[in-house]
Every structure is written in structure tokens, then in C-alpha cells.
Amino acid sequence: MPGRRIAISGCSGGGKSTLLAALARRGFATVAEPGRRIIATGGPMPWDDPAGFARRAIALARADLDASARLSGPVFFDRGLIDAVVALRHATGETVSFDPADRYDHVFLAPPWPEVHVVDAARRHGMDEALAEYARLEAAWPAFGYAIALLPKIDVEARADFVLARLSG
């Protein structure tokens, strides 16, 4: 798996961050979600300035991709560039051009999972908004030339095993 960039995208509240934490516990390099990092540092906030938030997320996702080149082995991204581009397009209708270096090698999509969706200080939207976002992402990744693997709704350790098995073979 050396040098692979793996994006974990999908439904808000679908267990992506929990999966990334499980992979980190197993010793894999992980990159935290750009959106949560933006919120933690004070903005721009997606509920006040969705376009500014998306632009900042795009910049962070590109920086994350650049930084991942210095890491050995696979790197797992909690969301990433496509998620941010989809958010910007949703907020403004704008499109973003891509450098060929701004690509992921594998994409796993977390489906809607209402039983684990939680509203918190960084995720203020409910399940209806999460479902609409998921539909946009589910359409966008293939439109950008990616094959997606759907994550099963199973406990986190089994989910991590699923991801690693898919990457191995």
C-alpha cells in the first residue's frame, strides 16, 4: 500500500471520523477533516459563509494532499478535496480545476446511517441536509473519474478490516 492516498467521504454523520480514528490506532497515517479543523479555528463557518468555508476547505485539502507526499505508506483522509469542491459548487455554482497531482488513489463512501448521525457544535445540520449532501457526493466522485467503494454499516473495527482488505486485494 505504499504511497496511496485514500479518501473516506460520504454522508455527514456516517462514521467517517470514527473509522479514521480506528485506522490511526492501527498505526496508519490519517488526515483530519478540513471542515472540522476550520470550525475549530474559528471560521469561516459553513452556516454563516458557506462559500468562504468551502474555499478554505479546498485550500486545506490541497495542502493536505501536498503534505501527504512526505509520508510513507498509505494516508487516509477524512473527507478531502472533492468534498470541498462539491460544497463550493452547491453554495455558488462555481467549478474548480484540478491539478493531476490532486488525486486520491482510492475512495470509500460512508452511506447514510441515521443511527450514528449526531448533531453537535460542528455539525449543526440534521439528517435531511446530510442526505442531500450524500447524494451530491455520491454523484460527484464518479463524475470526477473515481470508482467508489461503499462502506458497510458494521462496527468500526470490522469496517477498518473491510477497508484494509479492499486495499490489499
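**Note on the predicted fold**

1. Read along the sequence, the protein has the pattern β-α-β-α-α-β-α-β-α-β-α. That comes to six helices and five strands. The model is a predicted one, and the points below should be read with that in mind. The protein has 169 residues, of which 44% are buried. Among contacts with a separation of 6 or more, 76% are between residues 24 or more positions apart.

2. The five strands form an open sheet, and its order is β2-β3-β1-β4-β5. The pairing is parallel. At the edges stand β2 (29-31) and β5, each of which pairs on one side only. Neighbouring strands of the sheet are turned against each other by 25° on average, with direction ignored.

3. Strand β1 deserves a separate look. With β4 (residues 106-110), β1 (residues 5-10) pairs in the parallel sense over five bridges. Within this pairing, Ser-9 stands opposite Leu-109, and Ile-6 has His-106 as its bridge partner. On the β3 side, β1 is joined by four bridges, again running parallel. There the bridge partner of Ile-8 is Asp-78.

4. How many of the residues of β1 are buried? Six of its six residues are, so the strand is mostly covered. In a regular strand the side chains alternate between the two faces of the sheet. In β1, Arg-5, Ala-7 and Ser-9 point one way, while Ile-6, Ile-8 and Gly-10 point the other way. The residues of both sets are buried.

5. Strand β1 pairs with β4 in the parallel sense. Helix α1 (residues 16-25) packs on the sheet and touches β1, β2, β3 (75-78) and β4. The direction of α1 makes about 155° with that of β3. Helix α6 also packs on the sheet, touching β1, β3, β4 and β5. Its direction makes about 155° with that of β4.

6. How do these two helices meet, and at what angle? Helices α1 and α6 pack at about 75°, and their axes are 9 Å apart. An angle of 65 to 115 degrees counts as roughly perpendicular, so α1 is roughly perpendicular to α6. On the α1 side, the contact involves Thr-18, Leu-19, Ala-22, Leu-23 and Arg-25. These meet Val-156, Glu-157, Arg-159, Ala-160, Val-163 and Leu-164 in α6. By class, the contact has seven nonpolar, one polar and three charged residues.

7. Asp-102 lies in the loop between α4 (81-92) and β4. Is this residue buried or exposed? Its relative accessible area is 9%, and the limit for buried is under 20%, so Asp-102 is buried. The side chain of Asp-102 makes a polar contact with the side chain of Arg-62, at 3.1 Å. Neighbours within four places in sequence left aside, Asp-102 is in contact with Arg-5, Arg-62, Leu-65, Leu-81 and Tyr-146. One of these, Arg-5, points from β1 and is itself buried.

8. Two backbone details in loops may be worth checking against the model. The peptide bond from Gly-43 to Pro-44 is cis, with omega near 5°. Pro-44 is found in the loop between α2 (34-40) and α3 (50-68). The other detail is Arg-79, a residue other than glycine with a positive phi, near 65°. Arg-79 sits in the loop between β3 and α4. Its relative accessibility is 8%, and therefore Arg-79 counts as buried.

9. The last point concerns Ile-154, in the loop between β5 (148-150) and α6 (156-168). With 33% relative accessibility, which lies between the limits of 20% and 50%, Ile-154 counts as partly exposed. Which separation along the chain goes with the pair Ile-154 and Gly-15? The two residues are 139 residues apart, and their C-alpha atoms are separated by 10.0 Å.

Key: Residues are numbered from 1 along each chain as its sequence is written. This is a predicted model: local features need pLDDT of at least 70, side-chain atom pairs count only at pLDDT 80 or more; totals for chains, interfaces and linings use all residues. Side-chain values use heavy atoms; hydrogens and water are left out. Buried means under 20% relative accessible area, exposed over 50%, partly exposed in between (1.4 Å probe, protein chains only). Two strands pair if DSSP finds at least two bridges between them. Axes are lines fitted to C-alpha atoms, for helices over the stretch in contact, and angles run from 0 to 180 degrees between N-to-C directions. Contact means heavy atoms within 4.5 Å. Angles under 35 degrees count as roughly parallel, over 145 as roughly antiparallel, 65 to 115 as roughly perpendicular and the rest as oblique. Ala, Val, Leu, Ile, Met, Phe, Trp, Tyr, Cys and Pro count as nonpolar, Asp, Glu, Lys and Arg as charged, and the others, Gly among them, as polar. A polar contact is a pair of N or O atoms within 3.5 Å; within protein, one must be able to donate a hydrogen and the other to accept it, and residues adjacent in sequence count only if both atoms are side-chain atoms.
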